[in-house]
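The sequence and the structure come before the description.

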Amino acid sequence: MKRRNALKWTLVGVGGGVGALAVGGVGTLAYVWNDVKLDTAGKVDFARPLAIPPLAESTRDASGARVFNLDIQAGRTAFKDGRETETWGVNGAFLGPTIRAKRGEEIAFAVHNGLDEGTSIHWHGMHLPAVMDGGPHQEVEPDGIWTPQWTLDQPASTLWYHPHPHGRTGAHVYRGLAGMFIVDDDESEGLGLPAEYGVDDVPLIVQDRKFDDDNQFDDSGNFFSMQGILGDEIMVNGTLGPYVEVSTRLVRLRLLNGSVSRLYNFGFSDDRPFSLIATDGGLLPSAWETDRLQLSPGERAEIVVAFEPDETVVLRSYPADEGYEGPLGRFNGADDQLDVCEFRAAGVLADETAIPEAMGTAPDLADAEVAEERSFELSGFNQINGESMDPQRIDFGVREGTVEVWEVTNVDGFMHNFHVHDVQYQVLSVDGEEPPERLRGWKDTVQLIPHKRYRLAMRFADYTDPNLPYMYHCHILAHEDAGMMGQFVVLGEGEEIGTVPEGGSVHSHG
């Protein structure tokens, strides 16, 4: 992202946010206050069929591992008006294919960087060795190839992949580098849920963008935004104004907030209820019915919605239910109302799927023996516990096979969230109370409501490395890139914290 924008965000933080408006007088304050709210409800022309990302092709190597070839490349994409936008993508000009694999499979990748600068691919939500994680220590140089490989060992879930280069993640995601990663398992396949990819099991990568007068992505942030870029147009799977032709009564939507900054509060234009069946880490024990679901950047959810023949309804993002204090929300998109995608039901709908009473496994760490408790405070644009990210500093080590409880607090009046690599965690409590229903499944990213204490329980298992760290950070990418991130290593018996190799650990070759 542009340096001038990072400077603006810092100045606002120091100056007190909305208070800075007073310098221009009451008239300026009123004008900006009214102008900053965005409302596209009923104003979007849904004229393009939703693009469904193709399933990534794979081959088998001599050992039986499934090998996926991913080519990170620059390209051009015509989003609107027939004019092309310079974009980045994986195996294409914008976004990437959906990777789909099954628990127990050995999977391998050949990730080629065809850009003229370094980047990486991080497997967000994946349980895997640190050397395969794709964080800032596995950056791939131009024309380099990175070859991670591991055994997939976690429940069926909707994950995603995106770049994670130090200080440049937001810019790379905004240019278009992202895609879904769907994990399957035997248990989920036997439940009878909607499961035909692109028909009644639909991926929705929801992102916002701004375009300049030349139809190029505009990455400038609002002067008063605490979060960075907030686009004024919504795309799903790279489609502006998308519609979906519905052919079944029940449709499963895999929602991914793939935006760099924006919060979404999903619901339908007629306030119909829908069933939340899965959170970041997999299926819930049973479905929860609601008519709103708030997701911060990086969070995923699977919902099932029922349709009637010949009806049309719009998936919409409503103003935020929570997440900000005072007037700060208005300048960070909390009051925005945005049409996302239209669904058009056919005259006759197939009805062959159902939501079972029992689905996944409930988080089980509430009564576990706790080896260590830690506290984290996220503040400003770039600090956790008063420190900014140093790629050569390992902040602490945890022991393999143990459970820890991390208490995490957003001490600001604007939005932060909290993502931990390698693990799925259980939200034990929010400010001493039971977590809301939407947070009772396995999570790897959680929105932090200002000044509330989130107690997160997580188990560290299987993989150890005293030198190569995993990350924990805010997934507001402007904050992450500014330094709101730390590092930890998982230690085996008798191991002590080591030293990050100078320049990280880049497993690539030309």
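## Nonpolar cores

The largest nonpolar core has 39 residues, and those with the most contacts inside it are Trp406, Phe418, Val420, Leu456, Tyr472 and Phe488. Such a core is a set of buried Ala, Val, Leu, Ile, Met, Phe, Trp, Tyr and Cys residues joined through side-chain atoms within 4.5 Å, where buried means under 20% relative accessible area, exposed over 50% and partly exposed in between (1.4 Å probe, protein chains only). A second, separate core of 38 residues includes Ile234, Ala301, Val305 and Val313.

This is a predicted model, in which local features need pLDDT of at least 70 and side-chain atom pairs count only at pLDDT 80 or more, while totals for chains, interfaces and linings use all residues. Residues are numbered from 1 along each chain as its sequence is written, and side-chain values use heavy atoms, with hydrogens and water left out.

## Aromatic pairs

Rings of Phe, Tyr and Trp (its six-membered ring) pair if their centres lie within 6.5 Å, with planes under 30 degrees apart counted as stacked, over 60 as edge-to-face and the rest as tilted; by this rule there are 35 aromatic pairs. In one of them, phenylalanine 79 and phenylalanine 94 have ring centres 5.0 Å apart and planes at 85 degrees, so the pair is edge-to-face. Phenylalanine 79 lies in strand E3 (residues 66–80) and phenylalanine 94 in the loop between strand E4 (83–90) and strand E5 (99–102), so the pair ties together parts that are 15 residues apart in sequence; strands (E, at least two residues) are DSSP runs, numbered from the N terminus. Both phenylalanine 79 and phenylalanine 94 are buried.

One aromatic cluster is formed by Phe376, Phe396, Trp406, Phe418, Phe460, Tyr470, Tyr472 and Phe488.

## An open sheet

Six strands form an open sheet of mixed pairing in the order E1-E15-E23-E22-E17-E20, two strands being paired if DSSP finds at least two bridges between them. Its edge strands, each pairing on one side only, are strand E1 (48–49) and strand E20 (293–295). Strand E17 (residues 264–268) and E20 pair in the antiparallel sense over three bridges, and tyrosine 264 stands opposite leucine 295 in E20.

## Arginine 254

Arginine 254, found in strand E16 (residues 250–257), is buried, with a relative accessible area of 3%. Its side chain makes a polar contact of 2.7 Å with that of threonine 158 and another of 3.2 Å with that of glutamate 302. A polar contact is a pair of N or O atoms within 3.5 Å; within protein, one must be able to donate a hydrogen and the other to accept it, and residues adjacent in sequence count only if both atoms are side-chain atoms.

How values were computed:
Helices (H or I, at least four residues) and strands (E, at least two) are DSSP runs, numbered from the N terminus.
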